[in-house]
Amino acid sequence: MKPAPAKQNLRNQQRVDVSTEITVEKSDGCCLTCKVSNLSRAGVMISCDQDVVQQLIPGMRAPAPGHWIGVKTRFTVPVLPTQPVTVLADGNIVHMRRISRNEFQIGIQFSEFEGNGFDYIDRYVAKLLSDARTANYDPH
C-alpha cells in the first residue's frame, strides 16, 4: 500500500478539541503516549509532561523553522460510531509551548498518511465542526 501524501498549505485549518490518546514514535523507535488537545486536517496538538518533552525534543528548545523533528503518530478516530479507525501518519514536531510547570503542548504537522488516514481525519474534523455549528445554532 503506497502512502498518501498530506495535503500542503493547511496552516489555517480549523482545529477541533479532541480528547484521545496518541502514540508518538521517535526516529530511534522509542514510543511515547500522550494526550491529544486538538486536531486539524494539517496536524495535531498534544499535551504531555516535561519527561516526555525531554525525550521528544533535545534540549527542550522549540524546533527552529526548517529543523523540524520527524516522528510517526498513531491514534484512533471514530469515523464510524461503532468502529474507530487507526490513523498512522508521519509528521514533524514544529511547535512547543510550556503551559504550566509540568504541562507542555507540542504541535505536530502531518507530512504523510498511511492508507486513508487523511480521509478519516477530514471526515472526523468535518463532522465535529458541523456538530459544533448545529449545537450553536439558535433559530430564535
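Strands E3 and E4 run antiparallel and are joined by five bridges. This is a predicted model, so to speak of local features takes pLDDT of at least 70 and side-chain atom pairs count only at pLDDT 80 or more, while totals for chains, interfaces and linings use all residues. Residues are numbered from 1 along each chain as its sequence is written, and side-chain values use heavy atoms, with hydrogens and water left out.

A quick word on terms: strands (E, at least two residues) are DSSP runs, numbered from the N terminus, as are helices (H or I, at least four). Two strands pair if DSSP finds at least two bridges between them.

Here is how E4 (residues 31–39) gets on with E2 (residues 16–17), E3 (residues 21–25) and E5 (residues 43–48).

| Strands | Bridges | Example pair |
|---|---|---|
| E2 and E4, antiparallel | two bridges | Asp17 and Asn38 |
| E3 and E4, antiparallel | five bridges | Ile22 and Cys34 |

Another hairpin takes E4 to E5 through three residues.

Thr23 sits in E3 and is buried (under 20% relative accessible area; exposed is over 50%, partly exposed in between; 1.4 Å probe, protein chains only), at 16%. Its contacts (heavy atoms within 4.5 Å) beyond four places in sequence include Cys31, Leu32 and Lys72.

What about disulfides (cysteine sulfur pairs within 2.5 Å)? There are zero, and the sulfur of Cys34 is 4.6 Å from that of Cys48, its closest, so too far for a bond. Cys34 is buried at 4%, and Cys48 is buried at 8%.

Methods:
A disulfide is a pair of cysteine sulfur atoms within 2.5 Å.
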